[in-house]
Amino acid sequence: MNLYHDGERLNKWDERFCRLAEHVSKWSKDNAKVGAVLVANKGGDITVGYNGFPMGVEDLDERLAHTDTKLEFVVHAEVNAIIAAGSRAKGGTLYVWGKPICARCAGPIIQSGIRKIVAKDPSGDEGKWGVSGGIAEEMFKEADIEMMYYTED
């Protein structure tokens, strides 16, 4: 399957990093598989993240089974990638697979200095992630971050 943005196929590197984010998403023990790949602005430096509990906090089945509890524990893939990258995130590109980027993650993305995101279009999600993704999109526009939303054929 190919990935598209505004009817045009993504360039090979954008598609490769999206596929890498897809692969990383499978590392999550959560049913909502989300992966992120952060590429430094000069390339070369790549960090990854997936949604999961903080290091040292047990991802017990009973915590994962209750949505409200899980959402309080989980660190989103985007934030995990940003934490791993540290200052190398500035000027970079963030690729996210699985869900639209939410408003909760938009703040850390903006604060880290990321300049471009490639992610799932929030307008295609009718649930809360679509609403939150719409808020994130508004934040990204105000912060002048380039957004590319992909679709699969």
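1. Charge. Lys and Arg are counted as positive and Asp and Glu as negative, with His and the chain ends not counted; each charge is placed at NZ of Lys, CZ of Arg, CG of Asp or CD of Glu. On this basis the protein chain carries 19 positive and 24 negative side chains, and the centres of the two sets lie 6 Å apart.

2. Basis of the note. The model is predicted: local features need pLDDT of at least 70, side-chain atom pairs count only at pLDDT 80 or more, and totals for chains, interfaces and linings use all residues. Residues are numbered from 1 along each chain as its sequence is written, and side-chain values use heavy atoms, with hydrogens and water left out.

3. Secondary structure. The protein chain contains 6 helices and 7 strands, taken as DSSP runs numbered from the N terminus (helices H or I, at least four residues; strands E, at least two). Read from the N terminus, the order of elements is β-β-α-β-β-α-α-α-β-α-β-α-β.

4. Overall dimensions. The radius of gyration, taken over C-alpha atoms, is compared with a globule rule of 2.2 Å times the number of residues to the power 0.38. For 153 residues a compact globule would have a value near 15 Å, and the protein chain agrees because its own value is 15 Å. Along the principal axes, the C-alpha atoms fill a box of roughly 45 × 35 × 30 Å.

5. Surface and contacts. The accessible surface of the protein chain is about 8400 Å², and carbon and sulfur atoms account for 50% of it; the areas come from the Shrake-Rupley method with a 1.4 Å probe, and for residues only the protein chains shown count as cover. Of the 153 residues, 43% count as buried, where buried means under 20% relative accessible area, exposed over 50%, and partly exposed in between (1.4 Å probe, protein chains only). A contact is defined by heavy atoms within 4.5 Å. Among contacts between residues at least 6 apart in sequence, 63% join residues at least 24 apart.

6. Salt bridges. The whole structure holds 7 salt bridges, each requiring a side-chain nitrogen of Lys or Arg within 4 Å of a carboxyl oxygen of Asp or Glu. One of them joins Glu15 and Arg9 at 3.2 Å, N to O; Glu15 is buried, at 9% relative accessible area.

7. Arg19 pairs with Glu152 in a salt bridge whose closest N and O atoms are 3.3 Å apart. Arg19 belongs to helix H1 (residues 12–25) and Glu152 to strand S7 (residues 146–152), so the pair ties together parts 133 residues apart in sequence. Both residues are partly exposed, Arg19 at 22% and Glu152 at 41%. A further salt bridge, between Arg88 and Asp45, has an N to O distance of 3.9 Å. Arg88 sits in the loop between H4 and strand S5 (93–97) and Asp45 in the loop between strand S3 (35–39) and strand S4 (46–50), so this pair ties together parts 43 residues apart in sequence. Salt bridges that share partners also join Arg19, Glu22 and Glu152 into one network.

8. Leaving out residues up to four places away in sequence, Glu78 touches Ala36, Leu94, Val96, Ile101, Cys102, Cys105 and Ile109.

9. Ala136 lies in helix H6 (residues 128–142) and is buried at 0% relative accessibility. Beyond four places in sequence, Ala136 is in contact with Ile101, Cys102, Ala103 and Ala106. Ile135 is also placed in helix H6, but Ile135 is partly exposed, with a relative accessible area of 43%.

10. Backbone points to inspect. Most residues other than glycine have a negative phi. Asp6 is not a glycine, yet has a positive phi of about 50°; Asp6 is placed in the loop between strand S1 (3–5) and strand S2 (8–9) and is exposed at 70% relative accessible area. Asp144, likewise not a glycine, has a positive phi of about 60°. Asp144 is in the loop between H6 and S7 and counts as exposed at 60% relative accessibility.
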